[in-house]
Amino acid sequence: MNSPNGGPAPIKPNQPAQAAKPRLAVFKFASCDGCQLALLDAEDELLALAGQVEIAYFVEASRRTLAGPYDVSLVEGAITTPEEAERIQEVRRQSRYLIAIGACATAGGIQALRNWHDIDDFIQAVYAHPAYIDTLATATPISDHVQVDFELRGCPINKYQLLAVLTALLVGRQPSVPTYSVCVECKRRGTTCITVAQGVPCLGPVTQAGCGAICPAYRRGCYGCYGPTEAPNMDALGQRFLAMGAAPAEIVRLFRTFNGYADAFRLAGDKLEEMDRTSVQRRG
Amino acid sequence: MTTQTTTRREIKVDYLARVEGEGALNIVTEDGAITHLELRIFEPPRFFEAFLRGRSYLEAPDITARICGICPVAYQMSAIHAMEKIVRLTVSPEIRALRRLYYCAEWIQSHALHVYLLHAPDFLGCDSAIAMAAKPELRPTVERGLRMKQIGNQLLAIIGGREVHPITPCVGGFYRAPARSELRALRDALQWGLDAAVETVAWTASLVWPDFVPDYEFVALSHPTEYPMNEGRVVSSKGLDIPVEQFERYFEEEHLAHTNALHAQRIGGGSYFVGPLARVNLNLDKLSPAAQAALRQTGLTFPNYNPFASIVARSLELVHAFEEAIQLIDAYEPPRPSRLPVQPRAGDGGHITEAPRGMLYHRYRIGSDGLIQNAHIWAPTSQNLKRMEDDLRAFVPQVLALPLEKATWQCEQLIRNYDPCISCATHFLKMNIKRQ
């Protein structure tokens with residue numbers, strides 16, 4: 001496959017395929033590399049993992065790449081270019097079990113901030129020569145393009161969650177991660193509620209656990225790295241922030257960061273922005 | 001022998017391995033002359049400067065951290081310093097010291113990652129550190145590197161809350177400063193790390209690399225009393241010495257049509273070299289005592305103009321970072337308050353800190369409401385890109401006689417000398433690919 005912007009053929013091996021251990025692959029789309037780094041940051045487990053699986057395709061770590069198919073593929077990043085939209089299809093075809101890792105792959109991540117703007121304005125504003133730019137108008141999660149077998153949330157992901165998911169797959173068990181809110185992690189840590197006690201806006205009640213509730217423990221409000229929980233009460237939280245004196249625009253910005261394009265956060269932010277606009281018009 | 005056919009050779013790497021991000025290499029020679037040379041970046045554009053517009057100045061550290069998962073601390077630090085300049089805030093000596101400790105942690109994890117997992121395999125003919133670890137004689141070396149990296153990450157997590165995209169640094173200081181006991185608990189590990197780093201210098205200095213000594217202009221920060229991290233003047237090996245505020249008078253970044261590459265260069269002076277080799281060469285007398293002693297043991301001469309020696313420079317900085325981290329922990333007084341109150345103020349300001357890969361420049365304009373109106377970010381790798389291409393142009397003739405696979409590998413290794421972070425370099429730029 002020749003991609004339009006000259007990216008590589010997607011899964012191009014330089015070694016012949018050989019069967020044995022389960023084959024692990026790591027693919028990158030638009031991202032900061034921070035989630036695939038979780039594998040290399042598993043300093044105690046990396047060599048053991050390399051003994052259990054064949055690391056068949058992991059370009060950040062090895063210049064040797066093996067041909068697909070792969071038993072497990074970790075996919076980092078959002079889909080932001082025509083080449084990426086094509087390449088993810090090939091990754092899916094080559095992958096038995098596909099895991100989207102991190103906020104970019106599961107919700108479009110920070111790249112999805114472009115989805116609220118006219119991409120041509122962005123290009124005009126930022127680039128000396130807009131004609132060189134080849135990009136899609138939106139940044140979208142992997143699941144908008146192909147079937148995803150498991151999603152691991154986070155900006156960045158938690159390396160222990162990644163290891164738990166890989167371990168489950170290695171022993172033939174369906175992986176799972178907690179879907180409750182950050183509040184549960186705060187209670188477990190014994191952290192006093194920062195919103196109640198200090199009046200600091202915190203997304204903990206509507207954000208999925210996984211980080212270990214580090215922000216409230218470190219005296220700041222949660223900013224939603226792990227995306228919305230299954231049934232978040234966004235309206236109630238937004239009202240609470242307003243009652244605490246936060247400006248609507250400030251709350252919109254809080255909803256609209258690294259998981260801003262995830263449904264619940266997106267709808268809540270858009271609604272608040274619309275309300276604010278209408279009230280400004282009424283006042284004006 | 002008479003023949004009319006030209007000898008055409010092509011060095012081609014579709015997807016550069018062991019670098020952060022997506023890049024490719026394509027070099028064509030005919031009869032020994034380079035007819036085409038391209039270090040292609042196909043990492044997609046990531047519009048960070050546009051995303052920053054309209055956001056609060058207080059959000060810049062969290063947003064810019066997402067440019068790079070390997071060096072988020074550097075982005076946080078450059079953003080925070082720039083914002084504090086704009087709002088005219090000077091932090092306490094205790095906050096300043098904690099920032100330096102925090103930066104040491106990032107240098108340790110990032111340098112250990114590069115030296116052991118990304119760069120060393122080239123010198124040893126291995127595809128990866130995992131392949132190195134499969135050899136019994138090299139496994140202890142890989143384990144040493146992983147342990148050093150882990151200690152850096154542990155220090156980073158104590159101060160920042162987590163290793164990747166840490167959550168505590170903010171304009172004004174830190175949301176929370178660690179207790180003395182939390183840092184002291186890591187002291188033995190850091191002492192082990194210091195010894196391991198000294199061994200790393202001896203080990204990397206014993207590696208074999210090609211003779212290759214271009215005429216570089218090294219550029220780095222320089223500080224009167226410290227090895228440069230958060231502050232300093234911009235100096236170069238060709239006599240430049242300017243305050244950070246004048247950076248854009250001497251350096252320019254171009255979106256060039258003929259190469260379709262982002263090129264930072266000295267105005268009127270061509271490419272330049274940032275990163276550990278530049279820092280060590282320009283700040284030899286500021287290296288910590290243990291780093292200076294380790295350097296003397298190597299028998300290598302510094303300033304050193306061979307880019308392959310950057311693995312030694314990175315190792316020397318590992319020694320420095322471990323040694324300074326221990327000193328900072330021994331002298332640590334938790335800043336009280338950990339975070340100074342800040343008020344927005346309309347203005348414009350820029351700052352450079354030394355990311356693991358070299359100078360990282362941020363400039364912002366904010367309004368009186370604290371919202372960002374404009375942002376400019378120069379990543380270290382985008383500053384080195386033009387230099388990497390110049391290196392390849394000079395290096396290719398000397399490897400043409402080698403078998404293609406070996407020549408290709410050496411060109412890759414040459415690029416990896418710079419520890420390029422292509423994800424960073426494309427925070428705003430996309431290179432279009434010229435088709436022939």
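Domain bounds, as used here, come from an automatic or database domain assignment. On that basis chain A is divided into domain 1, residues 23-170, and domain 2, residues 182-283. The structure is a predicted model, in which local features need pLDDT of at least 70 and side-chain atom pairs count only at pLDDT 80 or more, while totals for chains, interfaces and linings use all residues. Residues are numbered from 1 along each chain as its sequence is written, and chains are lettered from A and ligands numbered from 1 in the order in which they are written.

The C-alpha centres of domain 1 of chain A and domain 2 of chain A lie 26 Å apart. Contact is taken to exist between two residues if their C-beta atoms, placed from the backbone, lie within 7 Å, and by this criterion 14 residues of domain 1 of chain A are in contact with 12 residues of domain 2 of chain A. Helices (H or I, at least four residues) and strands (E, at least two) are DSSP runs, numbered from the N terminus. Helix H4 of chain A, residues 103-107, gives the most to the side of domain 1 of chain A that touches domain 2 of chain A, with 3 residues. That side of domain 1 has 6 nonpolar, 7 polar and 1 charged residues, where Ala, Val, Leu, Ile, Met, Phe, Trp, Tyr, Cys and Pro count as nonpolar, Asp, Glu, Lys and Arg as charged, and the others, Gly among them, as polar.

Between the chains, the contact takes 55 residues from chain B and 52 residues from chain A. On the side of chain B that touches chain A, the elements giving two or more residues are helix H1 (48-52), helix H2 (60-65), helix H4 (93-123), helix H5 (129-133) and helix H6 (139-160) of chain B. The largest share of this side, 5 residues, comes from H6(B). Its residues divide into 24 nonpolar, 13 polar and 18 charged.

Within chain B, 3 strands form an open sheet in the order S11-S12-S13, and the pairing is antiparallel; two strands are said to pair if DSSP finds at least two bridges between them. Strand S11 (347-355) and S13 of chain B stand at the edges, each with a single partner strand, so one side of each is left without a neighbour in the sheet. Neighbouring strands of this sheet are turned by 15° against each other on average, direction ignored, with axes being lines fitted to C-alpha atoms, for helices over the stretch in contact, and angles running from 0 to 180 degrees between N-to-C directions. Strand S12 (residues 358-366) and strand S13 (residues 372-378) of chain B pair in the antiparallel sense over 6 bridges. Along this pairing, Tyr361(B) stands opposite Trp378(B), and Arg365(B) stands opposite Asn374(B). S12(B) and S13(B) form a hairpin with 5 residues between them, and Gly370(B) in the turn has a positive phi of about 85°.

Helix H3 of chain B (residues 72-86) lies across S11 and S12 of chain B, running at about 150° to S11(B). H13(B) packs on the sheet and touches S11, S12 and S13 of chain B, its direction making about 125° with that of S12(B).

Helix H13 (residues 380-399) of chain B also packs with helix H14 (residues 404-416) of chain B, at an angle of about 150° and with their axes 10 Å apart. That angle makes H13(B) roughly antiparallel to H14(B), given that angles under 35 degrees count as roughly parallel, over 145 as roughly antiparallel, 65 to 115 as roughly perpendicular and the rest as oblique. The residues that meet include Met388(B), Leu392(B) and Phe395(B) in H13(B), and Ala407(B), Cys411(B) and Leu414(B) in H14(B). By class, this contact has 9 nonpolar, 1 polar and 1 charged residues.

A further helix pair is formed by H8 (residues 187-205) and H12 (residues 310-330) of chain B, whose axes come within 8 Å and cross at roughly 160°. H8(B) is therefore roughly antiparallel to H12(B). The contact of H8(B) with H12(B) has 15 nonpolar, 5 polar and 2 charged residues.
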